[in-house]
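Hi there,

Here is the structure I promised to pass on. Have a look at it first, and then read my notes below.

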Amino acid sequence: MPACDDWSACAATPVLRARAEMLARIRAFFAAAGVMEVETPILSHAGATDPALASLALSDDRSGGGSDADRRLFLQTSPEFPMKRLLASGSGPIYQICKVFRGEERGRRHHPEFSLLEWYRPGMDYGQLIDEVADLVRAALQRPTLPMERIRYRDLFREVLDLDPFTAPLQTLRAAAVTAEIPDADRLDLERDAWLDLLLTQCLEPRLGRSGMGFLCDYSPSQAALARIRPGGEPPDDQAVAERFELYIDGVELANGFHELTDAAEQGARFARDCAERRRLGLTEIPPDTRLLAALEAGMPASSGVALGLDRLLMIAVGATHIDQVLAFPIERA
Amino acid sequence: MAFYSTSEFKGGLKIMLDGDPYNIVENEFVKPGKGQAFNRVRVRNLKTGRTVEKTFKSGDTVEAADVHDTDMQYLYNDGEEWHFMDPASFEQMTADATAVGDAAKWIKEEDICRVTLWNGVPLSVEAPNFVVLAITETDPGLKGDTSGGGGKPATLETGAVVRVPLFVQSGEFVKVDTRTGEYVSRAKEA
């Protein structure tokens with residue numbers, strides 16, 4: 001971590017300026033593309049149900065009355081739900097630059113409060129959105145010729161680890177982790193998807209985006225999150241895939257995008273599954289966003305959407321190795 | 001019993017793994033865009049000194065190791081064990097050869113040492129960074145050599161052998177860096 005006085009800025013002034021200029025280029029990009037900037041609430045009565053996300057909450061003691069649950073407000077982990085409500089309200093294409101909050105995430109590339117760029121494109125399929133993400137990154141980094149490539153999730157596992165992530169039994173995943181010499185692979189007690197996450201982060205991510213932008217796409221349906229599932233067709237594409245992608249540069253994960261789920265019933269079922277999983281794991285119960293479900297019920301236009309971590313993009317722009325190098329004041333000194 | 005969650009992991013934290021106390025050397029938080037996070041951790045076994053890599057599922061907890069450092073005065077060796085005293089409480093403790101390790105060849109009565117206690121028992125002993133010791137035996141050097149180049153072995157009063165410049169003689173005192181085992185300078189009696 002960079003050495004600095006306790007009170008003074010952690011990021012060097014040229015880095016602060018690089019952030020300001022990058023934000024200006026991003027806003028210019030969207031203005032030219034006809035995408036409207038919006039703001040949605042950072043505090044919400046509903047939270048993120050995803051068991052892998054730790055929502056930070058606060059209690060509004062000043063408004064008085066109501067139960068503890070009524071007074072509880074969550075800091076957003078992403079602006080996804082209110083932005084989808086805007087789409088269902090007829091906003092057209094929108095983007096937002098905002099702070100999001102994720103508890104328990106701290107490291108070289110993680111900070112519990114970070115800046116996110118999120119945008120939605122009604123009528124775009126996710127292949128088109130991938131192209132737009134590439135253009136946005138080229139504009140933001142001022143690298144107009146930065147090359148891109150698409151890699152399918154299933155192909156990556158097959159090529160590098162010689163296993164099919166959609167069908168391989170759990171013991172095959174464990175054996176691959178042992179072969180890759182991931183410490184404790186022989187004794188870790190993990191679910192199937194966690195094994196896939198371990199292999200992805202330890203063995204595969206470092207290979208992605210080595211010569212530009214690597215878009216990992218068509219995830220396993222079990223890793224769909226809020227993506228639409230595309231049914232399988234003829235072999236070798238006989239398996240259904242989640243229309244989800246992630247962008248990597250130099251092995252660093254920068255963005256996550258979906259062909260968005262717009263089916264209210266399916267969204268409700270995924271919320272219910274998340275909540276059951278949270279109870280099973282003994283995690284805090286999080287009230288799902290029923291207004292999102294109502295918005296989907298009323299009808300959200302078919303859209304693709306993506307969230308991109310701006311601090312990490314800035315790290316790449318200025319060649320930083322630790323996220324603290326691009327933050328004015330990291331959490332320990334906030 | 002105290003426990004730490006992986007979110008509290010950081011360098012210097014003392015944890016129990018497989019019944020042994022460990023010190024966290026380095027902690028790296030890894031998480032895919034969505035899904036399970038992990039902590040890749042480098043830990044040093046405080047009993048053996050060996051460093052190993054571990055993988056934890058983020059959110060898991062591990063038992064805290066009751067390990068802390070304290071400054072103690074070395075009193076004497078009874079032939080089997082080394083006796084130390086807490087200079088504040090005058091409480092005495094003994095440490096075995098495993099705990100004392102390399103420090104044995106540097107420490108002398110009354111030296112203040114950093115003692116690492118595990119569950120109240122000495123786990124390791126660190127000699128002071130610099131010690132001044134008398135030379136008990138060394139070959140007479142060449143007259144007139146003051147350059148310090150070359151050097152020769154010298155046995156110190158504690159039994160340790162260090163390389164000293166040719167001009168340093170038996171009976172003289174030398175200052176030694178115990179971390180490298182290297183001669184620093186001649187010294188007046190400590």
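What follows is a short tour of what turned up, going from the chain pairing to the domains and then to a pair of helices.

Please keep in mind that this is a predicted model.

Let's begin where the two chains meet. On the chain B side, 17 residues are in contact with 23 residues of chain A. Strand 3 (20–30) and strand 5 (51–57) of chain B each bring at least two residues to that side, and strand 5 of chain B gives the most, with four residues. By class, the side of chain B that touches chain A is made up of five nonpolar, six polar and six charged residues.

Next, chain B on its own. Its domain assignment lists domain 1 (3–63), domain 2 (67–126) and domain 3 (130–187). Between the C-alpha centres of domain 2 and domain 3 of chain B there are 26 Å. Four residues of domain 2 of chain B touch six residues of domain 3 of chain B, and the domain 2 side of this contact has one nonpolar, no polar and three charged residues.

Finally, a helix pair in chain A. Helix 3 (residues 80–88) and helix 9 (residues 290–298) of chain A pack at about 25 degrees, their axes 9 Å apart. Angles under 35 degrees count as roughly parallel, so helix 3 and helix 9 of chain A are roughly parallel to each other. Their crossing is left-handed. Among the residues making the contact are A:Phe81 and A:Ala88 of helix 3 and A:Leu292 and A:Leu296 of helix 9. The residues of this contact divide into six nonpolar, no polar and three charged.

Happy browsing!

Note on methods. Residues numbered from 1 in each chain as written. Chains lettered and ligands numbered in written order. Predicted model: local features only at pLDDT ≥ 70, side-chain atom pairs only at ≥ 80, totals over all residues. Domains from an automatic or database assignment. Contact = placed C-beta atoms within 7 Å. Nonpolar A, V, L, I, M, F, W, Y, C, P; charged D, E, K, R; others polar. Axes fitted to C-alpha atoms, helices over the stretch in contact; angles between N-to-C directions. Parallel < 35°, antiparallel > 145°, perpendicular 65-115°, else oblique. Left-handed = near helix turned anticlockwise from the far one by under 90°.
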